[in-house]
Structure formats: C-alpha cells, structure tokens
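Here is a short note to read beside the model.

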Amino acid sequence: MTRDVAVLDFGSGKITVFIGERGVNNTINIIGMGEANYAGFFEGEWIEPEQLGMAVSMAVSNAETNSRTKIKHLYIGVPGEFCRSVCRNVSLSLNKKRKITDADVDALHEQGDTFKLYPDLELINSQPIYYTVDDERRLIQPVGLSSTKLGGFISYIFAETVFTEYVGNIMKEIGIESTEYVCSMLAETLFLFDGTERDRWVVLVDVGYTTTNVVVARGDGIVSMYNFSVGGGHIAGDLATELNIPFTQAESLKQKIVLSLNMGDEDVYSVNTSRDTVENFPAKEVNRIATERIKMIAKTIEKCLSECKYDFPDYIPYHLTGGGISYIKGARDCMSRFLGKSVQTVAPSLPQYNRPHLSSSLGLLDMVLNQQAPSKKKGFFGRLFGN
C-alpha cells in the first residue's frame with residue numbers, strides 16, 4: 001500500500017478534489033472526494049477570478065470532511081489551456097560502452113531543457129516519446145542496456161506562470177502547505193491507455209463544458225497538444241438563443257437529446273419549467289441545433305490535428321472523453337461522421353467511477369499514486385514531475 005495523496009482538478013465547469021491510495025492489484029481506493037461548481041475559464045483566462053478562491057476552498061473542505069483527513073500537500077492538475085508542449089531530439093555520449101543508468105537518463109532530459117530563459121513558463125513534466133541506443137532501437141526504458149550513447153525524443157510540458165502563481169497564492173490562503181503541478185492531459189492520457197496502445201499512437205479528445213483539449217501522444221509523452229474554448233455548454237447556449245428560453249431550461253433540454261434517432265415532425269422533448277409546468281420542444285429542431293454545434297467542434301478538432309507536424313497513422317481511432325458531449329446519445333456517432341474517423345468513447349475502468357467526466361481527475365490521482373509507489377525509480381519520477 002502507498003500513502004494517501006490528494007489531487008485537485010480544474011474542470012471547465014467544476015473543481016474536483018480526490019483523496020486516494022493505491023489498493024491491492026494496483027487498484028485505486030477513493031478515501032474522499034469534494035466538488036464545487038465555478039465559472040471556469042475561457043481562452044486562458046478565469047471567468048470569475050474573484051470567486052475562484054472560494055470554490056477551491058469549498059472543494060478542498062468537502063474532500064477533507066468526506067475523508068476525515070487534513071490535506072497538507074496537494075497535487076494540482078494544470079488544464080490544457082494553461083499548458084504548452086514542446087518535443088526535442090536529444091543525444092548524450094557515454095564515452096565508452098557501458099550500462100545506462102538512471103543518472104544518464106536524467107542528464108539526457110536536462111540536456112534538452114533549455115527553456116529556463118522563459119520566465120512566463122514553468123517546466124512541470126518531462127516525458128519520453130522514446131529513447132534510442134547504439135543500434136537505433138526505439139525504447140521506453142533504456143536503463144540497464146549497454147551502449148556508447150543515449151538518445152531520445154523528449155516531450156517537455158510547461159505551465160504558464162500566471163496560472164501557477166495565481167493558484168499558488170490561493171493555496172497558501174486556504175492553508176495548503178505545499179503543492180506540485182501536473183499536466184492534466186498528460187495524466188489523463190497515461191491513465192486511459194496502456195503502454196501498448198500508446199506505442200501505436202493515441203489521439204485523445206476531451207470535450208469539457210466550455211473547453212476542448214486535443215492530444216496526440218506516443219510512448220510516455222505528448223507529441224502535440226491543442227485546445228480551444230468551445231464545449232458542451234455551448235450546445236445549451238445555442239438552444240437558449242435559438243429557442244429563446246432560459247439557460248437553465250436549455251441545460252435540462254440538452255440532457256434529453258437523442259441524436260441516434262431520426263426524429264419526425266411530431267416528435268418532441270418535454271422539459272419542466274420554473275412554473276412547475278411541462279413545455280414541449282420540437283425534437284427535430286433541437287437535434288439540428290445540437291448537431292450543428294458538434295459539427296463545429298469536430299471541424300475545429302480536424303483543424304487542430306491538421307497542424308500537427310508529426311505523422312501519426314491514419315488508421316488509428318480517435319478517443320472521446322470528458323463530460324461535454326459524451327453523455328449525449330448519438331454524439332459520438334455524429335463526431336465520427338463529421339471527422340470521417342472511427343471515434344470511440346473512453347472512460348476510467350474503475351467500478352463506480354467509470355464516467356468520462358472523471359477521466360482527468362482520476363488520471364491525476366493514478367499518476368501521483370504511481371509516483372508514490374516505492375518500487376518506482378526516483379529518477380523516472382523526477383523527470384515525470386519536472387523536478
């Protein structure tokens with residue numbers, strides 16, 4: 001067993017805190033959980049920054065009450081909108097043929113880290129896409145192999161200091177003694193896909209409430225990462241605008257949508273109003289509005305991936321997660337049709353927590369618990385957390 005750890009995830013509409021520990025057979029035991037709704041962020045800016053501290057405090061307090069523990073050290077997931085990723089080819093001469101050590105791998109990563117001149121960015125994760133040795137084999141773990149040189153294609157992920165400094169001040173105000181920052185999308189990718197899948201490349205799309213993150217990954221790292229400020233909440237916004245109804249009612253209507261059915265002119269969705277009555281809406285028109293927004297999201301995803309300068313196989317499926325559209329029946333099929341790709345929904349494979357909107361939070365928890373495992377090499381996780 002490992003000691004319990006606490007992680008905080010900034011979703012685009014909700015803050016989630018998990019306290020957990022590693023159980024038998026590499027399972028995760030959730031000790032406590034806390035949540036708080038908040039306004040989120042848009043295009044790299046907090047929507048209501050003056051309310052952020054209160055929401056963070058509420059999520060932390062709820063988790064502490066639920067678990068009957070006091071959080072002193074908190075791992076904080078940095079949303080994709082506040083992260084930047086860069087990949088570099090790096091090589092290191094070992095002078096003579098000998099076994100590669102953890103120190104050699106650390107030195108390789110350090111050699112590629114020439115980003116210290118950028119005060120607005122803070123390195124939080126450094127991960128291998130692959131390593132190479134004398135015979136140019138591509139490896140994920142070179143330690144123990146004999147070679148005269150060590151090379152690698154390394155992914156460096158940074159958090160914007162405007163994020164870490166602002167959030168860090170909030171943590172001090174609410175009594176958190178120490179913090180560490182982790183890229184949420186990296187944690188999510190490592191959690192949802194095993195090493196074999198990642199070696200064959202992965203395209204992960206996390207559609208949240210107000211933001212969408214797109215990741216191309218291979219090995220243990222992210223090759224390219226993109227984000228744009230459109231999510232499932234925009235479907236409710238479109239419904240509210242086009243049908244001239246309150247946003248809260250539009251949210252309830254969105255939850256009724258079934259895009260997998262061919263709706264006729266007589267079909268309706270029924271939604272309760274604030275006056276305790278029921279209002280009917282033409283299902284065909286509602287589905288059209290939702291489909292148009294999903295089409296827009298799909299086309300933006302397509303544009304993001306077209307900008308990726310690394311060639312990934314055309315045949316690999318795209319994976320959809322997050323709470324933005326995953327729960328809309330038929331949304332995945334719409335996305336697949338607009339992208340011209342197979343799209344598969346992916347979620348945590350944990351009983352009671354196998355929900356797409358928890359992919360990021362549980363990914364963070366899993367990643368940190370791996371870092372705490374005593375059998376792991378210190379050097380590897382020094383790179384993992386950019387230390």
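1. Terms for the voids. On a 1 Å grid over the protein atoms alone, a cavity is a set of points where a 1.4 Å probe fits but cannot get out; a pocket is an open set with protein on both sides within 12 Å along at least five of seven lines; lining residues have an atom within 4 Å of a point. Points are joined across faces, edges and corners, and a volume is the space filled by probe spheres set on them. By this rule there are two cavities of 30 Å³ or more.

2. Basis. This is a predicted model: local features need pLDDT of at least 70, side-chain atom pairs count only at pLDDT 80 or more, and totals for chains, interfaces and linings use all residues. Residues are numbered from 1 along each chain as its sequence is written, and side-chain values use heavy atoms, with hydrogens and water left out.

3. Largest cavity. The volume is about 40 Å³. Its lining consists of Y38, A39, G40, W46, E48, Q51 and L52. Four of these are nonpolar, two polar and one charged. Here Ala, Val, Leu, Ile, Met, Phe, Trp, Tyr, Cys and Pro count as nonpolar, Asp, Glu, Lys and Arg as charged, and the others, Gly among them, as polar.

4. Second largest cavity. This one holds about 30 Å³. V205, Y318, H319, L320, M335, L339 and V343 line it. Strand 17 (318–321) gives the most, three residues. Helix 9, like strand 17, supplies at least two. Helices (H or I, at least four residues) and strands (E, at least two) are DSSP runs, numbered from the N terminus. The lining has six nonpolar residues, one polar and no charged.

5. Largest pocket. Its volume is about 950 Å³. Of 37 lining residues, G13, Y209, G323, G324 and H357 are the closest to its centre. Elements that each supply at least two include strand 1 (5–10), strand 2 (14–22), helix 4 (184–192) and helix 10 (359–372). The lining divides into 13 nonpolar, 17 polar and seven charged residues.

6. Helix packing. Helix 8 (residues 283–306) and helix 9 (residues 331–339) pack at about 50 degrees, axes 9 Å apart. That makes helix 8 oblique to helix 9. Axes are lines fitted to C-alpha atoms, for helices over the stretch in contact, and angles run from 0 to 180 degrees between N-to-C directions.

Methods. Angles under 35 degrees count as roughly parallel, over 145 as roughly antiparallel, 65 to 115 as roughly perpendicular and the rest as oblique.
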